[in-house]
Amino acid sequence: MFSIFNFKNQVKQNTSTKNLDETVETHGDESKAKKICNHEQNDGHNDDDENIQLKNNVLNLNIQSVDLGDIDSGPKQPKLQIFPLTKFGPQNRSFNAKHYSEFEWLEYSVSRDAVFCFNCIHFAKNVKTDNLITTGYNNWRKLNEKLLKHSKTVQHLTSTVQYNSYKSSKLTGTIVTQLSTAKKNEILKNRQYMKVLINITLFCAKQGLALRGHDEKSSTVSNTGNFKELCTLFAMNDKEFSDFFNRKINYTSWIIQNSILEVCSNMTINTIISEIKYCGMYSIMCDEARSYKTEQLSICVRYIIPNSYNVCERFIGFYDVSNGRGAEHISIEILSVLKKFGISDIPLVAQTYDGANVMSGSTSGVQTRIRDSHPEAIFIHCMAHKLNLVVTNTCRTIKESNTFFNTLEAVYVHFSQPGKDKLLQDLQKSMQIKSLSISRLCETRWSCRLKNCKAVHNSFGVIVNILQNEINEDTNKEVAQAIGLLHMLKKMSFVLYLFIFEEILGIIDILSKKLQKKEGTIGNAVIEINAVIKTIQNMRNEKSFDVLWNNVIQFLLKHDIDDSHNTPGPGVIMSSKRKRKESIKLKSFHVSVTTGAGGNDICNQGVDMNRTENYKQYWCSHAYYAVLDAIIGHFELRFSKESLELANSIDNFIKLNMTKSMMFIDHYQALFSIDKEALRSEMTVAHNCAIQLKPNFGLEELKTIISKEVYPNIHSLLKVALILPISSASCERSFSAMRRIKNWTRTSMTQDRFGYLSVLHIERDIVNNLDLNIILDEYSKKDRRIDLIL
């Protein structure tokens, strides 16, 4: 309200153009004052009424001398050596400067030789009754009496209060400004407090920690949950946060937590969706898994990061499909999610699932139903799942390999007891052996077989010693199990298969890791698959077996294992009740172990198994070659030329060979309006540019050449080639996060909260870049009890 005192410039302008002794006619000033007053009333606010009256007061005074103070400079109080004398009766009297110290509001006009009340001149409403305001007072004989009387009037006291308020407003602002500043400071404190709560919430979500405790209300509970315990920790180190947190209403309830999680999760998803829309195409990867009493469908998307050719795979949520696990229900759920996020109209170029019939069925599976809405969305069977099937089917096909992995499982079970596991670890440390734990074999845990082979190989001596000591002590009923395990571990067949599978699974594990990478492309995947098949095929020779056999013999000698009791004696003829015939379908395999036909032939011929060469040859053909042939056969079955036809076409497209990449080009020609003639020209020019960079160029060189402006057709197809997924490993990784978030202590979590936490935990790299101010603005869009809007 104190903005009314901005009339000072008008007073300065009037006084600066007059001489010291110049006066202005009263009627002229009144007319001018009315004009100014009317102008201020039109432009000002309602609060300026008092200011307008104040301006009239000043302009009605006939005081236009520059020797009076203005509202900012304060009272003019000159201290002359000799003040002018005025005759009062027989005496000459003058003004005395000592009055300044007694009356701070007093000011003296040299030109008028009179005193005025500074406060009343500028703030009094009634100016006609007191000459200290109008014309000045110069009756020096009665000055002291006049000043004392004036200082006690209501008008003067009111003017003094207003002047003091004005001076205060100059320092701290007007009342409106002060209220506005106070409100702003309160909002800033509220926002700062909520930012801390948001940071705590996001920290727990990103780390997969539970926010709530068992009982958060009771004052006797020592642990109120991670969220409130972290708030208490912050309160110990931040007084402002502590003052807010210790209020009765401190905004830490589970409802506030859910609101924050929802806002942050939606912002994360919106970031992903905006990148998909910028890319203009995408593919989906889906898989389902059990989470306690619910069946969760994980949906991930794959697309190109804006302004680059870098591929990324993002998780967009878990969705409860417990009501129906059939193809129809799952496909409806997927399509509804795409519609919900506004990407159902964007070209969906591919879909990747595992090999379950409900997902991959060509008649009424999920992939078929999705293609009814998105015809160009080709189905790609997850290559990582196919590779895992190669290993599991090999183990099932060969009887001895199945026995080998059953023995590994039995070793895990035996040493899963705390006492025996502790003994195993202690012996490993004492013998300075690298501690490798044995895990349970699981078909969905792709690398567990290789890890178990390495763990048993590494700790074989320790395991044998523990089992032997357990048998010698004979203190519990598990001795029989230890005897059986020790017998199996010391068999020649176990040691041989241990070395065989450790070597083969080590090669396959390289491909498995490659297929699980987010940035992997289907063209590169074909190269890796063919390389692994070629590597295993090259191992199928006597030279490679000789190296492995020598390692096996050294291992047996090192651990003092006598294998003579594992083989038939000299001249023993192994016969069968009936002659087994070899299956016609297995002509290209060494099938003696699988069908028994080959084994019968060898044994019926009376082979002396004690002869070193025959003994070695027996294991080479019945174990080494059998495993290699089974692996190669399942590779060729799962990754046949027909199943890799599209992948080979994409690989040729990356090599800019248009003739061999027509399958890929024809499939997406209509979707992206590809001009084949223009594409042919673009591929010819791009090929000539690429070979100058590197004669045997690849994808990386192609990325540096292709731009949307110069090669629009290649640009579109190259993005498609990169977006086509090779596996659904991102969904499998999301299931690992699911078990961290929704563990057995958090089974009562609602589906919405579970979805929010999953997105924030899995896509933490996006969450780290969220702006807290934007989060607060989004949070405050709903009606909140706390004021957060500036």
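Let's start at Arg325, which counts as partly exposed at 46% relative accessibility (buried means under 20% relative accessible area, exposed over 50%, partly exposed in between, with a 1.4 Å probe and protein chains only). This is a predicted model, in which local features need pLDDT of at least 70 and side-chain atom pairs count only at pLDDT 80 or more, while totals for chains, interfaces and linings use all residues. Residues are numbered from 1 along each chain as its sequence is written, and side-chain values use heavy atoms, leaving out hydrogens and water.

The side chain of Arg325 meets that of Glu295 in a salt bridge at 3.7 Å, N to O (a side-chain nitrogen of Lys or Arg within 4 Å of a carboxyl oxygen of Asp or Glu). Glu295 sits in strand 6 and Arg325 in the loop between strand 7 and helix 12 (327-340), 30 residues apart. Helices (H or I, at least four residues) and strands (E, at least two) are DSSP runs, numbered from the N terminus. Arg290 joins Glu295 and Arg325 in a network of salt bridges.

Five strands form an open sheet in the order 7-6-5-8-9, with mixed pairing; two strands pair if DSSP finds at least two bridges between them. Strand 7 (311-320) and strand 9 (378-381) stand at the edges with a single partner strand each, so one side of each has no neighbour in the sheet. Even so, nine of the 10 residues of strand 7 are buried, so the strand is largely enclosed by the rest of the structure.

Strands 6 and 7 pair in the antiparallel sense over eight bridges, and Ile304 has Val311 in strand 7 as its bridge partner. The two strands form a hairpin with six residues between them, and Asn307 in the turn has a positive phi of about 60°. On the other hand, strand 5 (residues 282-291) and strand 8 (residues 348-353) pair in the parallel sense over four bridges, with Met285 opposite Thr352 in strand 8.

Arg314 lies in strand 7, and Glu763 lies 449 residues away in the loop between helix 33 (751-762) and helix 34 (764-767). Arg314 counts as buried at 13% relative accessibility, and Glu763 is buried with a relative accessible area of 2%.
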